[in-house]
Amino acid sequence: MRDLRLYINIPYCTNNCIFCDIRNHMVEDCQREAFYKAIIKEIESFDENYKHDYIVKSIYFGGGVPGSIRPNVIEEILSNIKCQFTVSSDAEISLKVFPGKLNDNYFPVYIEKGINRISIDYLTNSFFLHNFLGHKKTDNAMDRTLPVFLKNHFENVNYDLGIGLPGQNEANLEEEIHTLCDFHDAKEITLHPLKIEKDSAIEKLYDEHPEYLKNSNRFLPDIQRSYKYVKEKLEERGYTEYLPYCFGLEGFECLDFKLRKKNTDVIGIGPNAFSCVDGITYSNINDLNVYLENSDNFELIATDIKEV
Ligand code: SF4
C-alpha cells in the first residue's frame, strides 16, 4: 500500500484579516450545513480501490480555522473518511484552531475522535497588531488556561508565528519567542511571512497609499532579516529547521509536512483543494456554489488536470 495524505479544506472563519483573501471564497453561516453535506458527498465519491491501494498517514483540517466548527461535524467527516479509506492506526490528525475563539467543550470531543495535533493560528502576541490586521484575538479565559490544557492533552502543538508584520522588530520578535517557548511551551513553530494576497484589503490599502510601500523599511520590516533573527534564536533554544520555515524540537516535527516534502500523494477535499495522486494533479473548483451542487462529480469540480 502507498502512503496518502488527506487535506480537508474548510474555508470558514469569523475573522477578517486584511492580508487574507478568504472572504473572496468563504463559506457563509447560512451555507454551513450544505457545505458539510457536500464535503461528505465528495469523500463518499472516491472509488473503493483507494481503500486497498493506499494507507492514509495524515489528515489535515485546514482552510480558514475549522476548529471553530462543531466537533460533531469533524466527527462525521472523520468517520466517513474511515469508511472510505484505510487510515493508519498511528495517523497524524491535525486541526487548525484560532486562539481567540476556543470552546473548551469542543476539545474533549476532538481528542476522543482522534485529533492528535493542534495547529494554532497564533500570528502574534501583540493586541495592537491583532486589531490592526483584523486577526481579532480576545483575551478569554480559555486563552489563559490554554497552554496547560494543551500540554496535558496533546503531545504536539504547533504555533503559527507571523513575520514581516508591520512595525515588527527584533525586540518584539524576542518577546514573541519568549512567550511561545517559555509560556506556551511550543514544541513546534511555523513561520508565516506576511503575504499580500491579490484582492486582499491590505493590497487595496497599499494601492490607495503607495507611500506605505515606499516607506517599507519602516512599515514592513525585511522578512529575510526577521526570518534569520528568529531562526538564530530558535536554534539557540534547541529547535531545528526540519523544513523551510518549520522549526521543531526533536521528535515533534509535523508528519504531514514531512510527507509533503517527500511528494507523498495527497487528496484535497473541499473547494479549491489541491490533489496530486497517481501522477495526476488537479484543483477542485473555487466557485463555492458549483462545488456545493456537484461535489460528488469529479468531472464537474476538478479543474486544471495535468499529468506530472
Ligand atoms: S484568522 Fe486566518 S483564515 Fe481567518 S481571516 Fe485571518 S488569516 Fe484568514
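Q: What makes H1 and H3 partners in contact?
A: Tyr36, Ile39, Ile40, Ile43 and Glu44 in H1 meet Val73, Glu76, Ile77, Asn80, Ile81 and Gln84 in H3. Two residues are in contact if their C-beta atoms, placed from the backbone, lie within 7 Å. Helices are DSSP runs of H or I with at least four residues, numbered from the N terminus. The model is predicted; local features need pLDDT of at least 70, side-chain atom pairs count only at pLDDT 80 or more, and totals for chains, interfaces and linings use all residues. Residues are numbered from 1 along each chain as its sequence is written.

Q: Why are H1 and H3 called roughly parallel?
A: The axes of H1 (residues 32-44) and H3 (residues 71-84) cross at roughly 10°. Axes are lines fitted to C-alpha atoms, over the stretch in contact for helices, and angles run from 0 to 180 degrees between N-to-C directions. Angles under 35 degrees count as roughly parallel, over 145 as roughly antiparallel, 65 to 115 as roughly perpendicular and the rest as oblique. H1 and H3 are therefore roughly parallel to each other.

Q: Why does Phe35 count as buried?
A: Phe35, found in helix H1, has 22 C-beta neighbours inside 10 Å and therefore counts as buried. Beyond its neighbours within four places in sequence, Phe35 is in contact with Val27 and Leu292.

Terms used
Helix = DSSP H or I, 4+ residues; strand = E, 2+ residues; numbered from the N terminus. Buried ≥ 20, exposed ≤ 12 C-beta atoms within 10 Å, placed from the backbone.
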